[in-house]
Amino acid sequence: MNRNRLLTGLAALVLAATGIVLLASPAQAATLTEVTNFGTNPSSLRMHLYVPNTVTARPAVVVAVHYCTGSGPAFYSGTEFASLADRYGFIVVYPSATRSGSCFDVSSPQALRRGGGSDPVGIMSMVNYVLQNNNADPNRVYVTGASSGGMMTNVLLGDYPDVFKAGAAFMGVPFGCFATTDGSSWNSQCSSGQRNMTPQQWGDLVRAAYPGYTGARPRMQVWHGTTDTTLAYPNFNEEIEQWTNVLGVSQTPVSTDTPQANWTRTRYGNASAQAPVEAISIAGVGHSLPMAGQAAMAIEFFGLTGSGPTSPPPSSSSPSPSASASPSNPNPGTGGCTATVAINQWQGGFVATVRVTAGSSGTNSWSVRLTLPSGATISNAWNTNRTANTGAVTFTNVTYNGKINAGQFTEFGFQSSGTAGTLTPTCTAT
C-alpha cells in the first residue's frame, strides 16, 4: 500500500485552495456543527452538519466529501458549498474519515456493495439522520466530493442508487476502479489511469453493487484536469463510459460548449442543464479541483438553483458565487419579474450570470433584454435562448425554466469576448 503520491498531491491541493477557491461565507448565525451518535457507523467516521439560517420548506441534502489528508471542516471552509447552501436553502453534510491518511474506503469489498459496511454505511447513516431530524426531502439527496471524495461519490451512487439522485465527482475514478482484495486501499493501476475496461464492464461493476435493482439511476457529473498526475486523466473518460452505460445513453455527446476558457463541457443523453451525464475537462490543470465557480455548476447540475430559500438569507451570505468583479445590478423590470447580473471578468472576456426572479404572480415565461458594450461578442450561453450575439440582445427561457413561482428565481449565463462594463438587464414575464 502506497499512499505517498496521493497524500503529497492532495496536501498541495489544500495549500493551493487558498488561491483558487472562494472560501465559504456563511451567514453569521449559521455554524458548522458536529453530530455524534447519528447511527450505524462501522468505520468511526465523524459527521459535521451545516444548516443555513433559512432553508426551503423541505430542504435538499448535499453530502460533500473531502480529499485525503482533509476533513469535513476543512472541506466546509475551503469550498463554496456552504455559501451556496445559504443562497439556495439546502443542507450540507460533511463526513470526515478518521483512518490514517484521512482517505475514504473506496476499495474494499465491503465498501463496494450496498449495506456491506465500512464508510458508505456510515455516510448513509448521516443522510438518514438529516432526513429524520431536519424535515429534509428524501427525493432530493445528492453527493459531491474531490479526489478521495470524488471516488466516494462514484461509490455512493453505485451502492445507493435509490437514495442519491445525482452526483458530482471532482478528480475521481470510476466505481470499482480502486477495488482491492488484499486489504490495501491503494490501486496503482487505477490511479495511473491504466485500468481500461469496456463501458459494459464498467457498468456491470455498478450494477453488481445492488443486485436486482431495477429502479431509476442517479445522474452523474464528472470533472478532471488534463494534467492530473495523482489520479490520472484517463479516469475521466472511463467514468464517462461507466455512467453513460449505467444510464443507458450514447457515449457520443449531445452538446459541447466552453463555460470558461480552457473548459470543455460535454453532455450525454440530452443537452439540458440536468443531463443524464455531464463531463467537464479543464485544460492545463492538475489535481486541484474544485476551482472557483465549479461548485456552483455542480449545484446547478443537481437542479438546486431554480428556487431559493422560503425567505431571503442575510445579505452577507447572498453574493453570486460566480461573481468576482462587478456587483449585481438590480432592475425592477416590467411584467412581474426582476433581473440581476453578476460578472466574472478576465482580460479579453467575461462570463455573466443572470438571475431572473419572479414577482408576486410568478411567471410562465420570461425574457431579459440587455445591451452589450461595443466589441463584446457572445460565444456561448446556457439555460437560455438568445436573439443575437452583439449589441442589444434578448434572452428568453428554455422549456424547463420558464415557470418560476412567486418570489423564486432561475439563472442563465453566457460567455463573451471583450469587456462587460455595466450591464443593465430589464425583465418581462408572462
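These legends accompany close-up views of a predicted model. Local features need pLDDT of at least 70 and side-chain atom pairs count only at pLDDT 80 or more, while totals for chains, interfaces and linings use all residues. Residues are numbered from 1 along each chain as its sequence is written, and side-chain values use heavy atoms, leaving out hydrogens and water.

**View 1. An open sheet of 10 strands with mixed pairing.** Follow the order S1-S2-S4-S3-S5-S6-S7-S10-S9-S8; strands are DSSP runs (E, at least two residues), numbered from the N terminus, and two of them pair if DSSP finds at least two bridges between them. At the edges, strand S1 (32–35) and strand S8 (255–257) each pair on one side only.

**View 2. Strands S3 and S4 side by side.** Residues 61–65 (S3) and 91–96 (S4) pair in the parallel sense over three bridges. Look for Val61, whose bridge partner in S4 is Ile91.

**View 3. Two aromatic pairs.** Rings of Phe, Tyr and Trp (its six-membered ring) pair if their centres lie within 6.5 Å; planes under 30 degrees apart count as stacked, over 60 as edge-to-face and the rest as tilted. Phe75 and Phe81 form a tilted pair, with centres 6.2 Å apart and planes at 35°. Tyr233 and Phe236 are stacked, with centres 5.4 Å apart and planes at 20°.

**View 4. Arginines over phenylalanine faces.** A charge sits over a ring if NZ of Lys or CZ of Arg is within 6 Å of the ring centre and within 35 degrees of the ring normal. Arg219 lies over Phe301 at 4.4 Å from the ring centre, and Arg355 lies over Phe409 at 3.8 Å.

Notes. Helices (H or I, at least four residues) and strands (E, at least two) are DSSP runs, numbered from the N terminus.
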